[in-house]
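Here is a set of questions and answers for someone meeting this structure for the first time. Please look over the sequence and the model before reading on.

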Amino acid sequence: MTAPTAANVAQGHAHVGIQAQAIHGNAYYYQLPPDASAEEKFRYGVKYLDARMLSMAQKLIEEAVAEGYRTNEVHFHRLLALLSGRTLRQLASEDFDRLNAICQDVAEHRRHDEWSGGLRAVLRLLDCLHTGEIEQTVKEIDELAPDQRRKIVDHLGVLLEGPMVDQMWRRSVEQARVGRTANQRAERIWKFFHPRPASPRVRRVEPMSVPPGDWLRAGLGTTAFVLAAFKIAVVLVHDGGLLPILGFVGCVAGLGSFGIGGADRHFRRRRVRTKDARLLPPRQRRGEAPEGGFARKVDRQFTRYFGRYLPSGTDRSHWLKQTAGIRRHLRDELVELYREERIDAEQIAWLVRFLVSDVRQRWASDTLTAYRQELRLPTRARVLILAGLAGPFAGSFWVVPATVLAAPLAGSAWLLLAVVSAVLAIRSTFRIVAERRRVTADEAERAEQLAARQQAFDRWQRKLADKPSDAEMAAWLECDRKVLVDLAMRRYRLRPSQVIAHAFIEAPAASYKRARYPGGPWRYSRYRLLLFLLTDDGVRQVNIDLDFQASAIRTTQRLNYRFDAVAAVRIDGIAEQQQNFELTLFNGEPISVQVAESNAEGIQPDEDPSMLAALSLDASGLVHTLHVLEGIAAEGKEWVRHRRQRADERIADLTGTLRDLLD
């Protein structure tokens, strides 16, 4: 046996940072209705059992039994909830009292149904400790329905002790190895940690906005031009000939033609400039957004995805330089749209990817500036502009001389007023018409963008539709833990029968994602695990990094120490806040690791923080681990001997009842 050694597990990993978190929308997965029937309580108890929250599972199932709901299925799950993950000799006195009560309940309410075989197999496993008939028991288990067989092997793989446990443990580990990859874990598990995507949004169309000066100039200019044109027309009709009158008509018609064509040209050029501005790189460097803020996270997403979605055959630096303007424009749009809505940046990552992918596609197809072609001035407008310029130019050769000759002073004044008012009216009218058309074009563009983003959102929703349930996550984690125990036993060259008990301390890793269902515990993408193997010679401790999302395992440290080397075990912190596990060895520094976080963040209005903390600790197995380690710290190796002696006495008391039930 090596000398007692210890290491501060939190060293180098003291900071626990959340990369992302999600609370899924199925609010009724764990939420028991206020007026739940006994059967409903039982069904919810089974949910908690499948999620490895054994204390809550026992509570709900026993409540259902107390209300008169007693079936073989109920008794089967009562036994699983009581015995799951433990040997018989790890049971406390109150556990044996409950086990005895269940056996008596089964004896009083015997019936035959599809769960009779499963219940009998569990009872036979309990009886195996004295009879040793493991082969016959395993045969009965193999003949059960798949779901019953899976649950027995999964929950009761370590129930027995001595040589009898080896065969059951092998079956349990084989099932765990298959279960680790079951139900397309590799393709689906990341979806559990992905937050619910935020629905698509597009900037509202800015309402039509025209400066009062433009309205004033357009109105006064038009009025003045009409008055001047009328006065000129009177002069020409009274004193002019046919050609000046025809020239006047040509001037007026030309101005109208120029107004129509020129307004179209003004709108198109103005819109092209607006769109071009989105592609231009920023003229001055923008200050960094605050670290950890929403805008900074969106910045990083655009930087990451623009760097990742590189068009084939394009130099990265050239791509990033040429798209700096549109990157800034899209980033500013999303920050403006989502910043004030308590939305995490990860919830719009799908939209960032879609927008970046759209830019890459348009770049590759050389359509990033396709709007320039779409907004080119059409031939009709060009003709109208040319005709509008030609009409006044030609007509003025007859109109101006005739007007000045007929009324030198007044005619000249009216001609000057007509020219000035026409210029003012046309320029202001161009801006008004362009603004009106801008609103119409923006609304059409907004509808098109919203439709495209909605389609992308729907595609992403369909991709996330097969997100794992909490029970699946719990099952995969339990499979990982069993494989880890088996690997540790192989590394130490231990047979299952040589391990008195095993226990885990489970904590989030240094950097992780987390997610949960309302009413359920947090599940983490990366864990730090402390595995304790109790043997007759002492404790084998293995510290493990588990990348739960990638299903990757890395052992970071191995420790061996005697039972009498354990000085103290404790949990520091309030249940609803951060808690730390600390194991102190004689002549060694404390082994410390954070096992629970503050539950203040992410709590739903109808959730109880203390209950959520209890569920999280229950799911992590910490309660059971503490019970084992505290017993060792208090009594050393004698704790193992005393527990075995007490358990043997209580098991002997059950033998008669079990024999009656199995005969």
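A residue counts as buried when its relative accessible area is under 20%, as exposed when that area is over 50%, and as partly exposed in between. The model discussed here is a predicted one.

Q: What share of the residues of the protein chain counts as buried?
A: Burial is judged residue by residue, with under 20% relative accessible area as the cut-off. Applied to the 663 residues of the protein chain, this cut-off gives a buried share of 50%.

Q: Among contacts between residues at least 6 apart in sequence, what percentage joins residues at least 24 apart?
A: The contacts considered here are those in the protein chain between residues at least 6 apart in sequence. Among these contacts, the share that joins residues at least 24 apart is 73%.

Q: How are helices H10 and H11 oriented to each other?
A: Helix H10 covers residues 212-239 and helix H11 covers residues 242-279, and their axes come within 9 Å and cross at roughly 165°. Angles over 145 degrees count as roughly antiparallel. H10 and H11 are therefore roughly antiparallel.

Q: What is the handedness of the crossing of H10 and H11, and how many nonpolar residues does their contact have?
A: The crossing of H10 and H11 is left-handed. On the H10 side the contact is made by Phe 225, Ala 229, Ile 232, Ala 233, Leu 236 and Val 237, and on the H11 side by Pro 244, Ile 245, Phe 248 and Leu 255. Sorted by class, the contact of H10 with H11 has no polar and no charged residues, and the number of nonpolar residues is 10.

Q: How are helices H14 and H15 oriented to each other?
A: Helix H14 (residues 324-338) packs with helix H15 (residues 349-364) at an angle of about 155°, their axes being 11 Å apart. The crossing of H14 and H15 is right-handed. Since angles over 145 degrees count as roughly antiparallel, H14 and H15 are therefore roughly antiparallel.

Q: Which residues make the contact of H14 and H15, and how many of them are charged?
A: From H14 the contact is made by Ile 326, Leu 330, Leu 334 and Tyr 338, and from H15 by Leu 351, Val 352, Leu 355, Val 359 and Arg 362. By class, the contact of H14 with H15 has 8 nonpolar and no polar residues, and the number of charged residues is 1.

Q: Is Ile 189 buried or exposed?
A: Ile 189 lies in helix H9, which covers residues 185-192. Leaving aside residues up to four places away in sequence, Ile 189 touches Pro 468, Met 473, Trp 476, Phe 548 and Gln 549. Because its relative accessibility is 0%, Ile 189 counts as buried.

Q: How far apart in space are Ile 189 and Trp 476, C-alpha to C-alpha?
A: Along the sequence, Ile 189 and Trp 476 are 287 residues apart. In space, C-alpha to C-alpha, the distance between Ile 189 and Trp 476 is 9.4 Å.

Q: Is Ser 257 buried or exposed?
A: Ser 257 is found in helix H11, and, not counting residues up to four places away in sequence, Ser 257 touches Leu 384, Ala 387 and Gly 388. Ser 257 and Leu 386 are 129 residues apart in sequence, while their C-alpha atoms are 8.6 Å apart in space. Because its relative accessible area is 12%, Ser 257 is buried.

Q: Is Leu 405 buried or exposed?
A: Leu 405 has its place in helix H17 (residues 379-406). The C-alpha atoms of Leu 405 and Val 235 are separated by 9.9 Å, and these two residues are 170 residues apart along the chain. Because its relative accessible area is 73%, Leu 405 is exposed.

Q: In which loop is Asp 366 found?
A: Phi of Asp 366 is near 60°, a positive value in a residue other than glycine. Asp 366 is also exposed, with a relative accessible area of 67%. Asp 366 is found in the loop between H15 and helix H16 (370-374).

Methods. Residues numbered from 1 in each chain as written. Predicted model: local features only at pLDDT ≥ 70, side-chain atom pairs only at ≥ 80, totals over all residues. Heavy atoms only, no water. Axes fitted to C-alpha atoms, helices over the stretch in contact; angles between N-to-C directions. Helix = DSSP H or I, 4+ residues; strand = E, 2+ residues; numbered from the N terminus. Parallel < 35°, antiparallel > 145°, perpendicular 65-115°, else oblique. Left-handed = near helix turned anticlockwise from the far one by under 90°. Contact = heavy atoms within 4.5 Å. Nonpolar A, V, L, I, M, F, W, Y, C, P; charged D, E, K, R; others polar. Buried < 20%, exposed > 50% of the residue type's maximum accessible area, 1.4 Å probe, protein only.
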